[in-house]
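Hi everyone, thanks for making time this morning. I'd like to walk you through one structure and a few of its contacts.

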Amino acid sequence: HTEFISFTEFAPKYFQHMLKPFAKGAPIALAKILGAFTITRSTNKFGNKAEIIIMENLFTNRKLTRIYDLKGVSRKAVIKSAEGEVLYDGDLEESFYESPICLTKDSHKLLLGAINNDTIFLSSLNIMDYSLLIGFDDSDLLIVGIIDYLRRYTWDKKLETWVKSVRSKSPTVISPKDYRIRFAERMQVYFLKAATKQSSMPKSRANREESTQ
């Protein structure tokens with residue numbers, strides 16, 4: 001419910017932001033929201049209501065070999081999903097020196113530019129705790145998109161920030177401005193610019209915008 005209300009409040013600005021690649025040639029990496037619906041089933045005089053937001057599946061028709069959910073803070077876990085195991089920042093950092101993610105000069109500029117544009121936009125809406133979801137398919141293409149960007153920094157998140165700051169040196173829940181800075185800085189570390197082509201961008205949002213310019 002909270003995420004649904006949040007989206008309906010910032011939806012006009014969201015649509016304006018999603019038009020930037022076409023209006024200004026600015027790359028973006030937000031996973032698309034395909035629809036927001038309220039479904040009511042009348043089984044009694046009160047009825048049952050559900051609010052649903054549908055977001056694109058970045059990995060449709062892809063055979064993935066690795067998936068990471070990156071927030072810009074070291075954490076380790078293995079989560080099962082329909083596409084396979086989902087790893088976190090700490091897992092990527094462990095394998096970083098043996099198999100770093102190297103992008104071509106143009107792809108590197110495009111991806112970091114998209115992350116910068118999107119995180120500035122999300123910060124302006126007081127949104128934090130989003131992730132960069134990345135996956136490698138069986139042809140070694142890198143698929144990327146920013147997900148989980150519907151949660152605003154409300155009083156309960158502020159309380160969670162305080163509690164986690166007491167328990168951890170690097171809490172995932174911090175103010176939107178601080179979250180954006182930490183997120184963008186870590187993505188610059190995770191994605192390296194290669195002198196020669198070692199890994200290419202997929203036909204993901206950021207790459208599609210490049211092809212339309």
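What you see is a predicted model, where local features need pLDDT of at least 70, side-chain atom pairs count only at pLDDT 80 or more, and totals for chains, interfaces and linings use all residues. Residues are numbered from 1 along each chain as its sequence is written, and side-chain values use heavy atoms, with hydrogens and water left out.

The chain's secondary structure comes to 7 helices and 9 strands. Those are DSSP runs numbered from the N terminus, with helices being H or I of at least four residues and strands E of at least two. Of the 213 residues in the chain, 47% are buried. Here buried means under 20% relative accessible area, exposed means over 50%, and partly exposed is in between, with a 1.4 Å probe and protein chains only. Looking at contacts with a separation of 6 or more, 63% are between residues 24 or more positions apart, a contact being heavy atoms within 4.5 Å.

Now the helix pair. Two packed helices are described by the angle between their axes and the distance between the axes. Helix α4, residues 105-124, and helix α6, residues 176-190, have axes that come within 9 Å and cross at roughly 170°. The axes are lines fitted to C-alpha atoms, for helices over the stretch in contact, with angles from 0 to 180 degrees between N-to-C directions. So α4 and α6 are roughly antiparallel; the cut-offs are under 35 degrees for roughly parallel, over 145 for roughly antiparallel, 65 to 115 for roughly perpendicular, and oblique for the rest. On the α4 side the contact uses L112, I115, N116, T119, I120 and S123, and on the α6 side P176, K177, R180, F183, M187 and Q188.

Let's stay with R180, which lies in α6. A salt bridge needs a side-chain nitrogen of Lys or Arg within 4 Å of a carboxyl oxygen of Asp or Glu. Beyond four places in sequence, R180 contacts N116, T119, I120, S123 and Y130.

Back in α4 we find H108, which is buried at 14% relative accessible area. Leaving out residues up to four places away in sequence, H108 touches L103, F191, L192 and K193.

On to the salt bridges: the whole structure has 6. One of them joins E3 and R151, with the closest N and O atoms 3.7 Å apart. E3 sits in helix α1 and R151 in the loop between β8 and α5, 148 residues apart. E3 is partly exposed at 32%, whereas R151 is buried at 16%.

R152 also forms a salt bridge, with E9, at 3.0 Å between the closest N and O atoms. R152 is in the loop between β8 and α5 and E9 is in α1, with 143 residues separating the two.

Finally, D137 and R62 meet in a salt bridge at 2.9 Å, N to O. D137 is in strand β7 and R62 in the loop between β2 and β3, so the pair ties together parts 75 residues apart in sequence. D137 is buried at 5%, and R62 is partly exposed at 27%.
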